[in-house]
Amino acid sequence: MKYQVGYQDNRQFIDYLLRHIQDVSEVYFPWGNFTTGRGVILSDNTRNNLAADLRSFSAAGVKLCLLLNGNCYGHRALSRNFFQQLGDTVDHLSGEYAVSGVTTASPLIARFLRRNFPDLEIRASVNMEIGTPEGIEYVEDYFDSFYLKREYNYDLEKIVQMRDFCRKRGKKLYILANSGCLNFCSARTFHDNLVAHQHEISEMDNAFEFHGECTTFLKKGDNRLNLLSKTNFIRPEDVSKYEDLCDGMKLATRTNFNPLAVVSAYFSGKWNGNLLDLTEPAHSEILLPEILSNRSIPSDYAEKRLHCKRNCNNCGYCRKVQKNATVVLDKNFTDL
């Protein structure tokens with residue numbers, strides 16, 4: 001499996017990717033003041049580093065994908081000025097860095113790019129939550145590839161259905177491997193909209209801070225004991241089971257506190273640490289002093305989940321796996 005990896009301005013991380021080009025199918029990145037699923041770039045230093053790193057990846061033959069996956073573009077979303085800026089930017093990036101694709105959550109951006117840049121691969125963001133053939137069919141005229149709705153990562157029947165539908169249509173299907181989002185989160189759209197406007201929100205005198213309903217939920221009562229069953233991330237050891245089910249996997253690394261750990265784990269196909277350290281968002285701090293030891297997860301875990309009946313209230317398998325893999329760290333260790 002080759003991976004689509006998110007850019008982060010981290011020298012060790014970048015150098016590692018350049019040394020392991022054979023495992024990287026693509027690097028995806030934000031640009032300028034276009035909002036994405038992780039906000040915008042505001043630092044001039046980061047912008048300069050990004051430009052230099054894109055040249056390095058391009059020279060090494062790595063495909064580059066521009067992120068335009070913000071959930072909201074505000075009052076500019078339909079404006080001529082917005083699409084003029086968008087066209088100029090894509091034209092510049094295609095010429096300067098040989099950008100070959102764009103991931104977007106906007107069907108209008110996809111339609112604009114298909115009309116004006118027919119050679120680009122236009123990909124439907126995971127934020128569009130497409131999980132049915134109908135979801136593909138509605139927008140297939142201007143998308144070449146699709147990320148599977150993350151909640152279906154362990155639904156073999158759904159994956160096969162989506163894979164087969166894509167192949168018949170000449171489309172590609174990708175899977176996000178290490179999302180830490182809770183399944184079917186009620187607040188995901190709200191949260192994605194906040195992220196899209198976070199650069200504006202940060203300038204306001206705000207009455208609240210919002211860190212996600214997942215954080216609140218997992219801190220309440222014993223909810224954390226069912227974290228495994230309510231998440232959809234795929235362990236590095238289990239990626240091989242998906243080789244024939246999708247055209248590639250995406251690794252969320254843009255805001256992970258240790259992106260080097262993420263890529264090294266997935267490139268090698270093994271991880272001996274806290275499994276939650278690999279996800280984005282990572283819930284590891286919420287569970288401390290408990291960690292989820294990946295070495296204690298059964299080798300047939302993914303196989304069972306891929307074929308399960310998804311009747312979590314009456315099953316208890318994931319809860320049992322999580323309990324057996326939970327290790328309580330010594331307090332003195334967590335204080336280091």
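Which strands does helix 6 (residues 156-169) lie across? Select helix 6 together with strand 6 (145-147) and strand 7 (172-176): the helix lies across both strands and runs at about 145° to strand 7. Angles here run from 0 to 180 degrees between N-to-C directions, with axes fitted to C-alpha atoms, for helices over the stretch in contact; contact means heavy atoms within 4.5 Å. Helices (H or I, at least four residues) and strands (E, at least two) are DSSP runs, numbered from the N terminus.

The model is predicted: local features need pLDDT of at least 70, side-chain atom pairs count only at pLDDT 80 or more, and totals for chains, interfaces and linings use all residues. Residues are numbered from 1 along each chain as its sequence is written, and side-chain values use heavy atoms, with hydrogens and water left out.

Next, display the strands. Eight of them form a closed barrel in the order 1-2-3-4-5-6-7-8, with parallel pairing; two strands pair if DSSP finds at least two bridges between them. Tyr28 has Cys65 of strand 3 as its bridge partner.

Then select helix 1 (residues 11-19) and helix 10 (residues 259-268), whose axes come within 9 Å and cross at roughly 20°. The contact involves Gln12, Phe13, Tyr16 and Leu17 of helix 1, and Pro259, Leu260, Val263, Ser264 and Phe267 of helix 10.

Finally, select the cysteines. The whole structure holds zero disulfides, a disulfide being a pair of cysteine sulfur atoms within 2.5 Å. For Cys318, the nearest cysteine sulfur, that of Cys312, is 6.2 Å away.
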